[in-house]
Every structure is written in C-alpha cells, then in structure tokens.
Amino acid sequence: MKSTSSAILLLAALSAPLRAETTPERIQVEGEFIDTWCYFSGVMGAPEAVQGSAHHTCALWCAAGGIPVGLLTEEGEVYMILKLEGEGVLADMDTLLELQSDRLVADGLHYRRDGIDYLVVETVVDNSGLTNENHDEWGVIPGFVIPEPAE
Amino acid sequence: MKHVLTALLLTATAAGAQDFAEGSEANSWGLIGEEKAFFEARVVDLACELTGDCPEDCGAGARQLGLVRAADDQLVMVLKNGQPVFSGAVVDLLPFCGMDVEVDGLLVNEEDWTGIATKFYQVQRIRELPDGEWTRANRFTTAWEEEFPDAAGEGPWFRRDPRINALIERDGYLGLGQEADAAFIEDWF
C-alpha cells in the first residue's frame, strides 16, 4: 500500500508541470508588439521576417482582424496580451493598432499556464516607437502589402 | 511496485504527448509544426480563466477566447479562424461561450522555429456537444461588413478597413512615415 501511495505521489509530481500555474507575478518587460499568428505558424516565413517594419501593415491587418497580439522580447519570449492599460477590450481596439510593431516597456501582471505566458498590461512605461527597421533585409511580408503603383 | 511505476510513468508520458489527429477532417495549411487536432473542449474567456475577471458573455467579443481541452485540461490558445484573411477566431467562438464543444483544426508552432514548445490552435469548425450542428469558423468577414457598412468598395476587408487605412495614410506601409515609404516603394517595384 505504501509503495502504491508513493507511486501516486510520484505521478502527481511528474504531472505537476503539465498543470496550470496561474498565480500572477508583477513584472516589467520590454519587447515588440507582434502579430502572433504569423510568428507561430510560419505562414509568412521566418520569425525574424514577421516583425518590425517588414511586417508592420500585416500586423495591423491581423490585430484589426482579432488575432491576438504578443510582446516579443529580445530573449525570444512571447507574452500574449490579455488586456491593455485597464481597457476592458482587446479583440478590436484602436489603441492596440496604434501600438502594433512598437517597442514597449510594459508593466503588468504575468500569468503562465500550460507553457504560454500571458500579460495584463497595466502601464506602458515607455514606447520607443517602431525601432525594428528590418525591411531592407526582408522587404515587405507578405509581398502584396503595398499595391503596385498605377502607371 | 516496479510495474506500477512503469505503468504510471507511461500514462504520464502519454498524457503529455497525446495525438489529437484521430477523427480530424481539418484541411492542411502547410504550417510550421502543423498537426491536425480534433478534440472536446470548453470555450472560455482567457482573461476570465486566468485572472478571475469574468464579465458576462465572455466579454461580448472584446476579449480573446480559448479552449480548455477535456482530455488533459490544457488551456489551448486560439489564434486564428478558418479564413485566409488575417482574421482571428473570437467571432466564431463567441456563440459557444462557456459551452462544451467539439472543434476541428490545426495545432501549429515548432519549438526549433520559435523557441516556444507549446502549440497554438487554428479552428476550422465547431459544434456544441452533445449533438449540435457543425459550424464553419468563417464568420469574421460577415461580422466586419456589419460593423463597417460604409467601408464599401473593391477588394478584401483589410484593404477597406478605415482604421487601418488611417494609420497607413499617417505612418506608411512600413510604419516609418511617408518619406521612408516613398524611398522603399521606388526600389521595391
């Protein structure tokens, strides 16, 4: 019986990382507001191509279309944005569009569950604007972003 | 005891690497780390699920929604609906807020590609359990047309959205201003 109990405890310990850890932690994090679908799906190419000036208009399209926005740090972490500066709305929000592709320092509450980091942004401490000028390397992604000029 | 431990370890491993492809009729999109995924889940407001801030109706379209998968209680973040038009899945999931559903779609993401191990979901069809009709996750453009009835004209919604067009007019396609755009466009075409 003791052995079986130990086995069950061991199983619980092994299973623990699979379960949620939702207690919030206040953090301040710096990164770029990105379009998470293109970043994680690879639909438009490499992660480095789907951020910054190369991907700015597509990032606007996706945010306006309701695709979740993330904050990408230099270390490659992505914080999925749940709320922004006390606003009750996110899925379709003009402020979100204004910030898309900008480099921000955000202060807020960090939640982590099932391998995903989430952030409730309480204060945008700093906004450096669009600093990732990567269009010289990648062009625009996707290529049809800019309509061909009329003859 | 050894046999019990082995069995339990195998069970734990299987739970962590479950294959949800069985029964899926999802269309492949050829995405990074793509796996077809058909599973039962409860539709949740992500902010409610994580923070306890729970308005009625999952925020009535103003919050991101997710799925708590029945098989393993994992919170699955839904990034995309079934339309190839830069659209998320909130409009598609909202009618099922708080309901137990079956969904079919694609899990995407590859750790070697993004550095993050967890997969995200693209939902292609949904039905309420136990016997609801299947609904295709393609409601975004209809909802957009209802929200912006004056944004008429040619082309897809994202070319006509007044919020986006105002920002492009102000900041250019690159987001760096019209001068940077002009120099780039001269070289691009």
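How many residues of chain B are in contact with chain A, and how many of chain A with chain B? In this predicted model, 60 residues of chain B touch 66 residues of chain A, where contact means heavy atoms within 4.5 Å.

A word on conventions: residues are numbered from 1 along each chain as its sequence is written, and chains are lettered from A in the order in which they are written. Local features need pLDDT of at least 70, side-chain atom pairs count only at pLDDT 80 or more, totals for chains, interfaces and linings use all residues, and side-chain values use heavy atoms, with hydrogens and water left out.

**The interface**

Together the two chains bury about 5600 Å², with 70% of it on carbon and sulfur atoms; this is the accessible area (1.4 Å probe) that two parts lose on being put together, summed over both. B:Leu50, B:Phe86 and B:Tyr173 supply 13% of the area that chain B buries against chain A, more than any other three residues.

Three salt bridges cross the interface (a side-chain nitrogen of Lys or Arg within 4 Å of a carboxyl oxygen of Asp or Glu). One of them pairs A:Glu98 with B:Arg170, whose closest N and O atoms are 2.9 Å apart.

Here is the side of chain B that touches chain A, by class:

| Class | Count |
|---|---|
| Nonpolar (Ala, Val, Leu, Ile, Met, Phe, Trp, Tyr, Cys, Pro) | 37 residues |
| Polar (the others, Gly among them) | 13 residues |

**Chain A**

Of the 151 residues of chain A, 57% count as buried, meaning under 20% relative accessible area (1.4 Å probe, protein chains only).

How values were computed. Buried < 20%, exposed > 50% of the residue type's maximum accessible area, 1.4 Å probe, protein only.
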